[in-house]
Amino acid sequence: MVLATIVVVLAGCGGGPSPRAWAASVCGALTPWRSEISKLTSSTDEQMTAQTTPAQAKENLVRLFGGAEQASEAARRKVEQAGIPETDNGEAISAGFRSSLGKMRDAYGRARDTIDGLGTGEPTVFYDGVRAAVDTLNKEYDASALDTSKLNSEELKQAFDEVPECR
């Protein structure tokens, strides 16, 4: 019984993944996310210039922004599952990544909801509303960017530079 207690206590002291393992997990989460966001951004640009009805554009944009919201949440969950890297400020660094992805997820969700609430009867009004929603999304997206100046872990910087998943 004492041995079992010692094993449990020691397991709790064991820390999180190494900087290299954590960086690999994070890049493994962010690489498909970036790809998906890039694809969705291109599709959104196409929707803004396509010769579709406002109703078709609305349906497509709501779907696209919903996809971006889901992709951002999936990436946030994967970063969360990566744990806390065993490095100085590991908790704050992990929290920063998760927070940034959560803010991006929320920005896409708000854009989706805004566009979903637009009427499609008057094309000019609809597209003006879409442009306003996209402008707001871009501002919120930029504001949610991770402040890398706070990633002052040399171990993590080196890990992000070295692991194949981040190249």
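This report describes the fold of one protein chain and then a few of its residues and contacts.

## The chain as a whole

The model is predicted. The protein chain holds six helices and zero strands, and from the N terminus on its elements run α-α-α-α-α-α. Of the 167 residues in the protein chain, 38% are buried. Contacts between residues at least 6 apart in sequence join residues at least 24 apart in 79% of cases.

## Helices H4 and H5

Two packed helices are described by the angle between their axes and the distance between the axes. Helix H5 covers residues 123–143, and its axis comes within 9 Å of the axis of H4. The two axes cross at roughly 170°. An angle over 145 degrees counts as roughly antiparallel, and H4 and H5 are therefore roughly antiparallel to each other. On the H4 side, the contact is made by Met104, Ala107, Tyr108, Arg110, Ala111, Thr114 and Ile115. On the H5 side, the residues are Val130, Ala133, Leu137, Glu140 and Tyr141. By class, the contact of H4 with H5 has nine nonpolar, one polar and two charged residues.

Helix H4 itself spans residues 90–116 and includes serine 100. Serine 100 has a relative accessible area of 7%, and a value under 20% counts as buried, so serine 100 is buried. Leaving aside residues up to four places away in sequence, serine 100 touches Ser144, Ala145 and Leu146.

Asparagine 89 lies in the loop between helix H3, residues 54–81, and H4. Its relative accessible area is 41%, which makes asparagine 89 partly exposed. Phi of asparagine 89 is near 60°, a positive value in a residue other than glycine. Most residues other than glycine have a negative phi.

## Serine 153 and its contacts

Serine 153 is found in the loop between H5 and helix H6, which covers residues 154–162. With a relative accessibility of 3%, serine 153 counts as buried. Not counting residues up to four places away in sequence, serine 153 touches Thr87, Asp88 and Ile93.

Which side chain does the side chain of serine 153 join in a polar contact of 2.7 Å? The partner is the side chain of threonine 87. The side chain of serine 153 also reaches the backbone nitrogen of leucine 156, at 3.1 Å.

## The disulfide

A disulfide is a covalent bond between the sulfur atoms of two cysteines. The count for this model comes to one disulfide. Cysteine 27 and cysteine 166 form the pair, with their sulfur atoms 1.9 Å apart. The torsion about the S-S bond of cysteine 27 and cysteine 166 is about 100°, so the disulfide is right-handed. The pair links distant parts of the chain, 139 residues apart. Cysteine 27 is in helix H2, residues 19–49, and cysteine 166 is in the segment after H6.

Are the two cysteines buried or exposed, or partly so? Cysteine 27 counts as buried at 7% relative accessibility, while cysteine 166 counts as partly exposed at 21%. The cut-off for buried is under 20%.

## Residues apart in sequence

Proline 32 is found in helix H2. At 42% relative accessibility, proline 32 counts as partly exposed. Glutamine 70 has its place in helix H3 and is exposed, with a relative accessible area of 59%.

Methods
Residues numbered from 1 in each chain as written. Predicted model: local features only at pLDDT ≥ 70, side-chain atom pairs only at ≥ 80, totals over all residues. Heavy atoms only, no water. Helix = DSSP H or I, 4+ residues; strand = E, 2+ residues; numbered from the N terminus. Buried < 20%, exposed > 50% of the residue type's maximum accessible area, 1.4 Å probe, protein only. Contact = heavy atoms within 4.5 Å. Axes fitted to C-alpha atoms, helices over the stretch in contact; angles between N-to-C directions. Parallel < 35°, antiparallel > 145°, perpendicular 65-115°, else oblique. Nonpolar A, V, L, I, M, F, W, Y, C, P; charged D, E, K, R; others polar. Polar contact = N/O pair within 3.5 Å; in protein donor to acceptor, adjacent residues only side chain to side chain. Disulfide = S-S within 2.5 Å.
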